[in-house]
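Please find below a short note on the two-chain model under discussion.

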Amino acid sequence: MSVDINIKITDRNGETHEIVAPTDMAMNLMEVVRSYELAEEGTIGICGGMAMCASCQCYVISDHQLPEMTDDEDAMLAEAFDVEDNSRLGCQIQMTPELEGLEVELAPES
Amino acid sequence: MITTDILIIGAGPTGLFTIFEAGLLKLKCHLIDALPQPGGQCSEIYPKKPIYDIPAYPEILAGDLTHKLMEQTKQFEPGFTLGERAETIDKQDDGTFIVTTNKGTKHHAKIVAIAGGLGSFEPRKPKIENLEKFEDNGVEYIIKEPELYRDKKVVISGGGDSALDWAIFLSDVASEVTLIHRRNEFRGALDSVEKAQELKNLGKINIITPAEVKGIIGDDKVTGVAVEKKGEDAVIIDTDHFIPLFGLSPKLGPIANWGLEIEKNAIKVNNALDYQTNIPGIYAIGDVNTYPGKLKLILCGFHEATLMCQSAYKRIFPDKKYVMKYTTVGGVEGFDGTKKEAPKAVVKAIE
């Protein structure tokens, strides 16, 4: 049985998209953004999702309980630009049913 | 002028494998890459990470894949122009091309194969007003010549391996080294972190954390930086050089202005035939190209390189007859005089 969740993503131009994300395909938020082409190809997910670049940085707007940051993600964000307290790397946020209603905004390209 | 049959732009896995496939057809290759070493992303971003979808390798580290490819292509004596970025291309009247790098190195080739991945790696620049004004006047993003810092004051910012390693290295060269990072924690190899700690204790490196460089002071040349420690007012630190080390990010760069058809930051190619672009004689292979159903996988790049070389051969020798030969049958004859071949079976009577 597939469980889809509804999430809101504001792109780098400020436009908000209400989209449906599958939770049964082992997808993370960065991949969801790419699958809907909400950021230009080649400007997001450059390292492929290893928390080794910060091209998928986003600001989490809703107050969902998110998976805890790994040391890798934490260290990468320490070197990224435009970092805020609610910054996360999209590639480290797996799509799960608990994230129904998640709202995020993509950080500027750097 | 460097001359070659196929000029490959990008020395990542796809570019490297092209050397081998071209070599089987007796075509010589030369590669240009903006990075100082071959391997592309595999060397620069994730050398220690495993890859699981290289056929016949259940697991191989990205760095090892690069080494294996270098070993496999060695027989074909490829040339390399490293640390330079391909800047312009000029098609000659005879259909050949001259590609010039940002440092003015010229390459003359019959065929150009762009295997540029996501683009050339450019330093990530922190958002500091007037930063670009001081570029090459005290602001450097890449350390090319450590002697430049001999007996000078240096401020490095960043929290990764390169910031740590250069701070350690320059502590013996510069008169004063200050390392600034937004966090108290640094991310690097354990011995680098320990070494930096030791040098700090000895007073050989000045470490300021959690802090950020917010401004640059100077008229024509850097004379200082404004450093803001979390929750405190900015202080000025006198320095001759400011070196922000925040890693590299790939940019398609000048290739985007070569008149090639671009879609989604990638070069459109004919995937029904040979991965040629809209300009005959220029091919695009690997992650840098796009076509319906494209997958950015190393193994797809290998396939594209192979077909591209066959097409390049036909373009260079339109009238020569040729059929593809299996390496097991024909062996592999290098340009260096070596030959790999299957051992011959013994034909001998049994008494």
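1. Basis. This is a predicted model, in which local features need pLDDT of at least 70 and side-chain atom pairs count only at pLDDT 80 or more, while totals for chains, interfaces and linings use all residues. Residues are numbered from 1 along each chain as its sequence is written, and chains are lettered from A and ligands numbered from 1 in the order in which they are written.

2. Chain A, secondary structure. Two helices and five strands are assigned to chain A, where helices (H or I, at least four residues) and strands (E, at least two) are DSSP runs numbered from the N terminus. Their order along the sequence is β-β-α-β-α-β-β.

3. Along the principal axes, its C-alpha atoms fill a box of roughly 40 × 30 × 25 Å. Of the 110 residues in chain A, 35% are buried. A residue is buried if 20 or more other C-beta atoms lie within 10 Å of its own, exposed if 12 or fewer, and partly exposed in between, with C-beta atoms placed from the backbone.

4. Chain A, contacts. Among contacts in chain A with a separation of 6 or more, 62% join residues 24 or more positions apart. Two residues are in contact if their C-beta atoms, placed from the backbone, lie within 7 Å.

5. Chain B, overall. Chain B contains seven helices and 23 strands, and its C-alpha trace spans about 85 × 60 × 40 Å along the principal axes. Buried residues account for 38% of its 351 residues. For chain B, 60% of the contacts with a separation of 6 or more are between residues 24 or more positions apart.

6. Contact between the chains. On the chain A side, 13 residues are in contact with 21 residues of chain B. The chain A residues that touch chain B comprise eight nonpolar, two polar and three charged. Here Ala, Val, Leu, Ile, Met, Phe, Trp, Tyr, Cys and Pro count as nonpolar, Asp, Glu, Lys and Arg as charged, and the others, Gly among them, as polar.

7. B:Ala11. This residue lies in the loop between strand 1 (2-9) and helix 1 (13-24) of chain B. B:Ala11 is buried because 30 other C-beta atoms lie within 10 Å. Beyond its neighbours within four places in sequence, its contacts include B:Leu16, B:Leu31, B:Asp33 and B:Phe80.

8. B:Asp90. Strand 6 (residues 86-91) of chain B holds B:Asp90, which counts as exposed because it has 11 C-beta neighbours inside 10 Å. With neighbours within four places in sequence set aside, B:Asp90 is in contact with B:Phe97 and B:Ile98.

9. Helices 4 and 5 of chain B. Helix 4 (residues 161-170) packs against helix 5 (residues 190-201) at an angle of about 45 degrees, with the axes 10 Å apart. Residues of helix 4 that meet helix 5 include B:Leu164 and B:Ile168, and those of helix 5 include B:Val193 and B:Leu199. By class, this contact has six nonpolar, one polar and three charged residues.

Terms used
Axes are lines fitted to C-alpha atoms, for helices over the stretch in contact, and angles run from 0 to 180 degrees between N-to-C directions.
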